[in-house]
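Hello,

Here is the model I promised to pass on, with the sequence alongside. My notes on what turned up in it follow below.

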Amino acid sequence: MTAAKITATGAYVPEREVTNEDLARVMDTSDEWIRSRTGIGSRHIAVGESTSQMAVKAAMDVLSRSRWEAEDLQFIIVATGTPDHLFPNMACLVQEAVGASHAFCFDLNAACSGFLYSLSVAKGYIESGMYERGMVIGAETISKVVDWTERSTCVLFGDGAGGVIVEKGERGIGSVVMGADGKGGDVLRCYSSNILCHSEESRKRIDYLHMDGQEVFRFAARQVPAVIEEVLDREGLQADQIGHYILHQANERIIAAVARKMKEPAEKFPVNLSRYGNTSSASIPILLHELDQAGALQPGEKLILAGFGAGLTWGAALVEWNN
Ligand code: UT7
């Protein structure tokens with residue numbers, strides 16, 4: 001059977017780094033509070049740079065590490081909850097900028113689960129024989145939808161983009177399980193459609209991101225192990241057969257709670273949120289790229305990718321690494 005595999009990764013984060021100490025100088029917070037509650041030490045913030053511009057840079061990075069030219073791509077999916085505007089979609093902007101003239105393009109919003117959802121769509125296209133290769137990108141400028149006077153949320157997030165090439169192969173992306181619970185929509189929401197924030201005036205009208213942190217924490221600690229178990233069951237695998245668990249980077253304590261529940265060592269759950277914060281749909285592809293670049297992923301190694309976020313949404317995938 002035709003499978004879909006990930007054959008190249010890439011990422012981009014904006015240059016401006018904002019440390020916990022930087023934040024403590026302008027609001028009532030501390031490095032100690034942020035680190036101990038979340039594991040976050042700093043984050044990158046887009047200054048004069050949009051979601052689409054970061055997505056383009058990530059796409060160019062992915063292409064530079066792949067054996068394909070932009071014109072070879074048949075589709076581009078951009079997972080984002082923070083597009084520059086409503087339309088044209090971010091994927092079309094990426095297509096134009098990189099010259100992927102044969103690709104059809106759309107965005108997908110499943111908040112922090114967006115990369116996982118998009119990967120499943122790419123897998124479906126490829127396994128069904130409809131298409132042979134495309135690009136999936138997660139890109140976010142969360143900094144423009146957080147209230148910078150609200151310390152309980154703004155310290156958690158960062159901006160960035162990451163992506164992968166998904167193409168036809170013999171093995172690769174295995175079982176994917178996704179879910180959603182619309183009843184939980186209220187616990188993490190941003191109702192604003194005015195996200196451009198060109199002026200101070202427009203920023204005043206914005207409805208910023210709101211989050212019931214403890215509720216999201218409980219949801220993630222419960223749902224992520226459950227969805228991973230479902231993927232393992234479908235694959236007939238035991239938890240200890242997984243080399244690395246690449247989870248959405250929201251909070252180190254959530255990741256540790258999942259590791260404990262899975263009875264797996266914390267070392268199998270890599271984290272980079274100390275440097276980037278929560279970059280929503282970009283967190284999994286950025287981490288995957290860093291691990292790949294560091295040579296941390298062995299050929300044939302089985303990985304679990306798992307995301308969760310607003311919606312509420314969640315998803316997990318088994319990936320046999322053969323990049
Ligand atoms: O992609 C999914 C995104 N969301 C998440 O993953 C969020 C999951 N939830 C969490 O990570 C945690 O719930 C938080 C890190 C958001 C908050 O941690 P917490 O242990 O649940 O803290 P809390 O909200 O109960 O706040 C405890 C105290 C409060 O003070 P009082 O009422 O005890 O005096 C807050 O006002 O900490 C205070 N606080 C802060 N203090 C310093 C809240 N934010 C800050 C801050 N700096 N930035």
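To begin with a question: which strands does helix α3 lie across, and at about what angle does it run to β1? Helix α3 (residues 51-64) lies across β1, β6 and β7 (160-169), and runs at about 120° to β1. Helix α11 also packs on this sheet, where it touches β1, β6 and β7, and its direction makes about 90° with that of β1.

Before going further, a word on the basis. This is a predicted model, in which local features need pLDDT of at least 70 and side-chain atom pairs count only at pLDDT 80 or more, while totals for chains, interfaces and linings use all residues. Residues are numbered from 1 along each chain as its sequence is written, and side-chain values use heavy atoms, with hydrogens and water left out.

Helices (H or I, at least four residues) and strands (E, at least two) are DSSP runs, numbered from the N terminus. Contact means heavy atoms within 4.5 Å. Axes are lines fitted to C-alpha atoms, for helices over the stretch in contact, and angles run from 0 to 180 degrees between N-to-C directions. Two strands pair if DSSP finds at least two bridges between them.

The five-stranded sheet

This open sheet of 5 strands has mixed pairing and the order β1-β7-β6-β4-β5. At its edges stand β1 (3-12) and β5 (104-108); each has a single partner strand, so one side of each is left without a neighbour in the sheet. From one strand to the next, the twist averages 20°. Strand β4 (residues 75-79) and strand β6 (residues 133-140) pair in the parallel sense over 5 bridges, and Ile77 stands opposite Val136 in β6.

The four-stranded sheet

Another open sheet has 4 strands in the order β8-β13-β12-β11, again with mixed pairing. Here the edges are β8 (173-180) and β11 (244-247), each with a single partner strand, so one side of each is left without a neighbour in the sheet. Neighbouring strands are turned by 15° against each other on average, direction ignored. β8 runs antiparallel to strand β13 (residues 313-320), and 6 bridges join them; Ala180 stands opposite Thr313 in β13. Helix α11 (residues 283-293) packs on this sheet as well, touching β11 and β12 (302-309), with its direction at about 145° to that of β11.

The ligand site

The ligand is surrounded by 21 residues, the closest being Thr29, Arg37, Gly213, Gln214 and Asn251; a residue is near a molecule if one of its heavy atoms lies within 4 Å of it. The shell divides into 9 nonpolar, 8 polar and 4 charged residues. Helices α2 (31-38), α6 (151-154), α8 (213-235) and α9 (252-262) each supply at least two residues of the shell, and α8 gives the largest share, 4 residues.

For Gln214, a side-chain N or O atom is 2.6 Å from an oxygen atom of the ligand. A polar side-chain atom of Asn278 lies 2.9 Å from an oxygen atom of the ligand. The protein covers 72% of the 960 Å² of accessible area that the ligand has on its own (Shrake-Rupley method, 1.4 Å probe).

Backbone points to check

Most residues other than glycine have a negative phi, and most peptide bonds are trans. A cis peptide bond joins Phe87 and Pro88, with omega about 0°, and Pro88 sits in the loop between β4 and α4 (90-98). The bond from Gly311 to Leu312 is cis too, with omega near -5°; Leu312 is in the loop between β12 and β13. Lys263, in the loop between α9 and α10 (273-276), has a positive phi near 55°.

Best wishes

Notes: A polar contact is a pair of N or O atoms within 3.5 Å; within protein, one must be able to donate a hydrogen and the other to accept it, and residues adjacent in sequence count only if both atoms are side-chain atoms. Ala, Val, Leu, Ile, Met, Phe, Trp, Tyr, Cys and Pro count as nonpolar, Asp, Glu, Lys and Arg as charged, and the others, Gly among them, as polar.
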